[in-house]
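Reader: I am new to protein structures and would like a close look at one part of this one. Please keep it brisk.

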Amino acid sequence: MLFGRKISFSENDFNSVVAACIAGNSQAQRHLYKQFFGYSKSICLRYTATTEEAEEVLNEGFLKVFNNLEKYDCNHPFKAWLRTIMVNTAISYYRKHKKHSEDVIALEDAPYPKFEEDVISQITADEILQLIQQIKPVYKNVFLLYVVDGYNHREIADLLQINEATVRSHYVRARARLQHLIKQYYPNLFPSDWAVKSFRGNEN
């Protein structure tokens with residue numbers, strides 16, 4: 001389909017760009033790729049450990065986009081359709097290459113602190129995403145799917161091919177780890193007795 005015949009399109013008419021891409025117009029495909037490159041790469045970077053992995057997922061994702069453009073419904077937002085493909089591609093990459101090697105993790109490997117929602121609200125989205133990258137992928141992916149991309153626990157379980165109870169456990173674990181990272185990098189946001197409160201809260 002790439003490098004196909006020339007079909008006219010207008011850069012200001014998105015539907016004509018899509019139609020030209022479906023017809024195999026390489027210029028339209030390049031335009032679509034450039035227009036959504038940054039948005040797509042930001043998704044891929046969230047779900048991968050390195051820039052190289054993100055680029056692999058990105059390329060595979062766009063290949064799926066162009067191969068399935070005929071299925072796109074122009075009455076719905078293109079970004080939402082594109083995001084679904086990129087997220088699914090990233091999760092497939094994780095399942096294929098990680099082989100759930102990180103799934104066998106003792107749930108006791110980190111404490112469950114009291115999660116302070118007001119602390120999260122004082123940090124920018126970019127700062128939070130940077131901290132999330134330090135969480136183990138097995139936890140991080142669940143957190144991102146649920147909090148950032150809006151999947152419910154059942155959908156996440158299906159995507160990751162794990163049971164729903166494990167999804168819930170991983171999500172709680174990701175929240176706990178995120179709060180520890182926030183306290184490490186932004187200690188000024190926490191009261192001095194935070195550690196004591198968190199420990200006592202876990203005794204109940």
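Which residues in helix 4 meet which residues in helix 7?

Author: A word on the source comes before the answer: this is a predicted model. Now the contact itself. On the helix 4 side, the residues are Val87, Ile91 and Tyr94. On the helix 7 side, they are Pro137, Val138, Asn141 and Leu145. By type, the residues of this contact divide into 6 nonpolar, 1 polar and no charged.

Look at the spacing along helix 4. Val87, Ile91 and Tyr94 are the ones that meet helix 7. An α-helix has 3.6 residues a turn, so residues three or four places apart point the same way.

Next, the geometry of the pair. Helix 4 and helix 7 pack at an angle of about 165 degrees. Their axes are 12 Å apart. Angles over 145 degrees count as roughly antiparallel. Helix 4 and helix 7 are therefore roughly antiparallel to each other. Their crossing is left-handed.

Now take helix 4 by itself. It covers residues 78–98. That makes 21 residues. From its first C-alpha to its last, helix 4 reaches 30 Å. This is close to the 30 Å expected at 1.5 Å a residue.

The buried residues of helix 4 are Phe78, Trp81, Leu82, Ile85, Met86, Val87, Thr89, Ala90, Ile91, Tyr93 and Tyr94. Find Val87, Ile91 and Tyr94 among them. Those three also meet helix 7. The buried residues of helix 4 have other partners too. They pack against helix 1 (14–23), helix 2, helix 3 (51–67), helix 7 (137–148) and helix 8 (153–160).

Helix 2 is the next partner to study. It spans residues 26–47. The axes of helix 2 and helix 4 come within 10 Å. They cross at roughly 45 degrees. That makes helix 2 oblique to helix 4. The crossing of helix 2 and helix 4 is right-handed, whereas that of helix 4 and helix 7 is left-handed.

Who makes this second contact? From helix 2 come Leu32, Phe36, Tyr39, Ser40, Ile43, Cys44 and Tyr47. From helix 4 come Phe78, Lys79, Leu82, Arg83, Met86, Val87, Ala90 and Ile91. These residues divide into 12 nonpolar, 1 polar and 2 charged. Notice Val87 and Ile91 of helix 4. Both touch helix 2, and both also meet helix 7.

Step back to the whole chain. The secondary structure comes to 10 helices and 0 strands. Of the 204 residues, 41% are buried. Among contacts with a separation of 6 or more, 62% join residues 24 or more positions apart.

Two pairs show what such a separation looks like. Ile128 lies in helix 6, residues 125–132. At 13% relative accessibility, Ile128 counts as buried. Ile128 and Ile182 are 54 residues apart in sequence. In space, their C-alpha atoms are 8.2 Å apart. The other pair involves Arg177, found in helix 9, residues 164–185. Arg177 counts as partly exposed, at 35% relative accessibility. Its C-alpha is 9.5 Å from that of Leu131, 46 residues away along the chain.

Finish in a loop. Gln161 is found between helix 8 and helix 9. It has a positive phi of about 60 degrees, although it is not a glycine. Gln161 is exposed, with a relative accessible area of 58%.

Key:
Residues are numbered from 1 along each chain as its sequence is written. This is a predicted model: local features need pLDDT of at least 70, side-chain atom pairs count only at pLDDT 80 or more; totals for chains, interfaces and linings use all residues. Side-chain values use heavy atoms; hydrogens and water are left out. Axes are lines fitted to C-alpha atoms, for helices over the stretch in contact, and angles run from 0 to 180 degrees between N-to-C directions. Helices (H or I, at least four residues) and strands (E, at least two) are DSSP runs, numbered from the N terminus. Angles under 35 degrees count as roughly parallel, over 145 as roughly antiparallel, 65 to 115 as roughly perpendicular and the rest as oblique. A crossing is left-handed if the near helix is turned anticlockwise from the far one by less than a right angle, and right-handed if clockwise. Contact means heavy atoms within 4.5 Å. Ala, Val, Leu, Ile, Met, Phe, Trp, Tyr, Cys and Pro count as nonpolar, Asp, Glu, Lys and Arg as charged, and the others, Gly among them, as polar. The expected span of a helix is 1.5 Å times one less than its number of residues. Buried means under 20% relative accessible area, exposed over 50%, partly exposed in between (1.4 Å probe, protein chains only).
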